Amino acid sequence: MCGIVGMVGKSNVNQVLFDALTVLQHRGQDAAGIVTCQDDRFYLRKDNGLVRDVFRTRHMRRLQGNVGIGHVRYPTAGSSSSAEAQPFYVNSPYGITLAHNGNLTNTIELSDGVLKSDLRHINTNSDSEVLLNVLAHELQKQGKLIPTEIEIFEAVKQVHKRVKGAYAVIAMITGYGVLAFRDPFGIRPACFGKRETEKGTEYMVASESVALDAAGFEIVRDIEPGEAVYIQNSGELHTQQCAESPRLNPCIFEHVYFARPDSMIDDISVYKARLRMGTTLAKKVLALRPDHDIDVVIPIPDTSRTSAMEMANELGVKYREGFIKNRYIGRTFIMPGQSQRKKSVRQKLNPIGPEFQGKNVMLVDDSIVRGTTCNEIIQMARDAGAKRVYFASAAPAVRYPNVYGIDMPAANELIAHERTEDEIAQLIGADWLVYQDLEDLVDAVKECNPGIEQFDCSVFDGHYVTGDIDADYLDRLERSRNDASKTEDESILEGEEQLSLHNAD
């Protein structure tokens, strides 16, 4: 899960891209990068770290140009190497740089084809670099010295035929413009907007609408599944459907956890969806325990606040902030490695004793994945004096691996895999555990957009919408991505830039 942004402006875009990436920081804390283009030359800065740390004044001054793209990285495989920081670059044809959010499910086959058929070299383990080379090869096959939207859209059509999985992509073609496209299932989000200036119309593409809002852009719409959007450097906008059988099956976990509540994704307000999650969760509590003894509902900040607030309202009990969050600790879910996630919980949260002392507390979280942080937080509540500690998850039990770009790789790392709710409650130390029902979650999210017939709910139900996932694939994924195989000591690559042309160091 990453954040991507691209802009075609009428003046330097470096500051706007920086601000947009800062707004999208919640989508990735591992690495950040920006590439701009001026006079047919790329200028790059990328490295490990948060946006505010990667880009200093000296870097910003060198990121010149009216066109650019940016990326914040979330490592699905736990790697913290700056070798896989984005955007990536190839010099042929034209010079193309690309930022990608998602995960390809046929990377091995693609890599083999890129080497043997396309005669292209892949320098990292990143599927995003593979995707870039596939796009570059399909553009080169068009055989045009100056590509038009016709050749560009034809190349995207061929990419859709070769590539499987989840991908929202923003690419910049030297001297010509910015291209964005979304996989035929629309699993990962992308939208675009415009703003009027004295010099003309500017366009921006981003993972979430909140990035457009912050920059003063008017949201035009979401990019449709399979659709490509091409914005020429001159400011002309072109759009075309490039997939043969597109259908919208967006990832429902965006609404559960990843997206900011002030974003709109596929015409759905994330905030309102989370409110409804709280309502349905409260109804389930009342159905199971109409005479419950809950004294107070406390969210585990930040993502669960909206659901917890509405849950308390429906239950008719007090809502209180019981944990103070250290703002300088990142999102534990997207930290590489289980030991680092566990260590960060008590550094990140500190309980307010009076809110727990002698009370039956209902803790609410957005989801339960590995369960380790839940165990730590429940123990913190008991240490603070809670009489009983109940736990509610605004999402159903996560029982299956994710293959579309979220770090839920190994089934045996998921606490709910092949366990009952009572067994899970015992493992995390809760007196009672209640999960959201999947049907209620889907209804809560799709109420704003009834036109969505199906979401990707694979982590809950094991159904993978792309139709190409089997047991052998999941076995390979588990072997390559479980915590035991994750290496965090890649310091020799720290600070290295992977583009040797015009680095903004």
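**Figure 1. A loop residue with positive phi: glutamate 418.** Glutamate 418 lies in the loop between S21 and H13. Helices (H or I, at least four residues) and strands (E, at least two) are DSSP runs, numbered from the N terminus. Phi of glutamate 418 is near 60°, a positive value in a residue other than glycine. Most residues other than glycine have a negative phi, and most peptide bonds are trans. Glutamate 418 has a relative accessible area of 72% and is therefore exposed. Buried means under 20% relative accessible area, exposed over 50%, and partly exposed in between, with a 1.4 Å probe and protein chains only. The model is predicted: local features need pLDDT of at least 70, side-chain atom pairs count only at pLDDT 80 or more, and totals for chains, interfaces and linings use all residues. Residues are numbered from 1 along each chain as its sequence is written, and side-chain values use heavy atoms, with hydrogens and water left out.

**Figure 2. Helix H13 and its cover.** H13 spans residues 421–428, and its buried residues include Ile424, Ala425 and Ile428. These residues cover an arc of only 100° around the axis, which puts them on the same side of H13. The arc is that of the directions from the helix axis to the C-beta atoms. Asp422 and Gln426 are exposed on the other side of H13. The cover over the buried residues includes helix H12 (372–383), strand S21 (388–393) and strand S22 (432–435). Glycine 429 follows H13, and its phi is positive, near 85°.

**Figure 3. Helix H4, one face in and one face out.** In H4 (residues 107–116), the buried residues are Thr107, Leu110, Gly113 and Val114. Seen down the axis of H4, they fall within an arc of 125°, so they line one face of the helix. An α-helix has 3.6 residues a turn, so residues three or four places apart point the same way. Ile108, Glu109, Leu115 and Lys116 are exposed on the other side of H4. Strand S6 (96–104), helix H5 (127–141) and helix H6 (149–162) are among the elements that cover the buried residues of H4.

**Figure 4. The largest nonpolar core.** A nonpolar core is a set of buried Ala, Val, Leu, Ile, Met, Phe, Trp, Tyr and Cys residues joined through side-chain atoms within 4.5 Å. The largest one has 38 residues, and Phe253 and Phe460 touch the most other members. At least two residues of this core come from each of helix H8 (253–258), helix H9 (270–288), helix H14 (438–446), helix H15 (458–461) and helix H16 (471–481). Not counting residues up to four places away in sequence, phenylalanine 460 touches Ile252, Phe253, Ala395, Pro396, Ala397, Val398, Tyr400, Leu438 and Leu441. Contact means heavy atoms within 4.5 Å. A second, separate core has 30 residues, including Val90, Leu110, Val134 and Cys242.

**Figure 5. An open six-stranded sheet.** The strand order is S5-S6-S7-S8-S12-S13, with antiparallel pairing. Two strands pair if DSSP finds at least two bridges between them. Strand S5 (88–90) and strand S13 (237–241) stand at the edges, each with a single partner strand, so one side of each is left without a neighbour in the sheet. From one strand to the next, the twist averages 20°. Axes are lines fitted to C-alpha atoms, for helices over the stretch in contact, and angles run from 0 to 180 degrees between N-to-C directions. Strand S8 (residues 177–182) and strand S12 (residues 227–232) run antiparallel and are joined by five bridges. Glycine 177 has glutamine 232 as its bridge partner in S12.

Figure 6. Glutamine 86 and proline 87 are joined by a cis peptide bond, with omega about 5°. Proline 87 sits in the loop between strand S4 (67–73) and S5. A cis bond also runs from serine 92 to proline 93, with omega near -5°. Proline 93 sits in the loop between S5 and S6.

**Figure 7. Aspartate 40 in its loop.** Aspartate 40 is placed in the loop between strand S2 (31–38) and strand S3 (41–48). Its phi is near 65°, a positive value in a residue other than glycine. At 55% relative accessibility, aspartate 40 counts as exposed.
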